[in-house]
Amino acid sequence: RELVAKGNGDYAGATSAIYDVDAICLAKAYVTAGIERGVGLGQGPGPVVHTGFPSTYQHYPTVATDPTSSMDSFRPMAAASSPSAGGDADRIGRLLPIVDTVEWVEKLANTPGIEDIQLRIKDTEDPGIILERVQRCQATCKQAGVRLWINDHWESAIEAGCYGVHVGQEDLVKCLAQDGLKRLRSHNMALGISTHSYGELAAALGVKPSYISLGPVFGTKSKKVAFDAQGLGVVKKWRQLLPPTIPFVVIGGIGDPQAARSVREAGADVSAVIGAITQAKDMEEAVRSLNEAMQ
């Protein structure tokens, strides 16, 4: 199993613990690249060329949810900086604030520079309460012309008519088992998926989502996570392995414009932030400076 070292010799994030599924995905990418670069000898095929660590999306595999049938892509989006941003696809904002209350959604929806908001409800499992909050937030965002993304609770997002849903890998499996992906597609909703490892990246690519996220980039106190900080090296690697048509969102410890600028330079299109906005003394100035850093 090959590990990719950081500049200081330590290991981080997706490169610190490569499991069997990760190794299989990397091996498939390696072999695909080697076959493509092979040169025929005589009348037979040429040998597989020994290349380097996988570094291009053209060779990276996807894990199909149903290999017996083709799957439509989710609602396409383009990064603000993408050359295709002028096409039919909606442009995702450079900033994706994640908040947990209706009150915060109301504040952000009317803040200059905010185009997308993600609502993450974690204090209740009551479907009625969740739906009521989602509906209130959707009404606010619709009036303000802001896209609302709902974390995990895809049924409520469909019923409220939200723009999109964001799921982690566990909730992606649950959503798939309940036919949720098909239902989301039927409503032309967008889908974002979290990734933390090479195997999860292949699984997310197989769903053909609107965007893919990676985290945590840096250490974070906003959410308990079971993964080490990924670091900027993994951000650069994900950018190589992601098709340029899929917006790349990063999250975790992006607490100021300097951190935002560093992930932008590493290849991220969008910074998902929590404390950088909710704990800012001047929220509007924080939004302005973070957006500027992501240009």
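**Exercise 1: Cysteines**

At 1% relative accessibility, Cys175 counts as buried, where buried means under 20% relative accessible area, exposed over 50% and partly exposed in between, with a 1.4 Å probe and protein chains only. The model is a predicted one, in which local features need pLDDT of at least 70 and side-chain atom pairs count only at pLDDT 80 or more, while totals for chains, interfaces and linings use all residues. Residues are numbered from 1 along each chain as its sequence is written, and side-chain values use heavy atoms, with hydrogens and water left out.

Task: determine how many disulfides a search of the whole structure finds, and examine Cys175 and Cys162.

Solution. Begin with the criterion, a pair of cysteine sulfur atoms within 2.5 Å. For Cys175, the closest cysteine sulfur is that of Cys162, 14 Å away, which is too far for a bond. For Cys162, which is likewise buried with a relative accessible area of 5%, the closest cysteine sulfur belongs to Cys141 and lies 8.0 Å away, again too far for a bond. The search of the whole structure finds zero disulfides.

**Exercise 2: A helix pair**

Task: describe how helix 9 (residues 257–266) and helix 11 (residues 283–293) pack, taking helices as DSSP runs (H or I, at least four residues) and strands likewise (E, at least two), numbered from the N terminus.

Solution. Start from the axes, lines fitted to C-alpha atoms over the stretch in contact, with angles from 0 to 180 degrees between N-to-C directions; those of helix 9 and helix 11 come within 8 Å and cross at roughly 25°. That makes helix 9 roughly parallel to helix 11, since angles under 35 degrees count as roughly parallel, over 145 as roughly antiparallel, 65 to 115 as roughly perpendicular and the rest as oblique. Next, list the residues in contact (heavy atoms within 4.5 Å): helix 9 contributes Pro257, Ala260, Arg261 and Arg264, and helix 11 contributes Ser289, Leu290 and Ala293.
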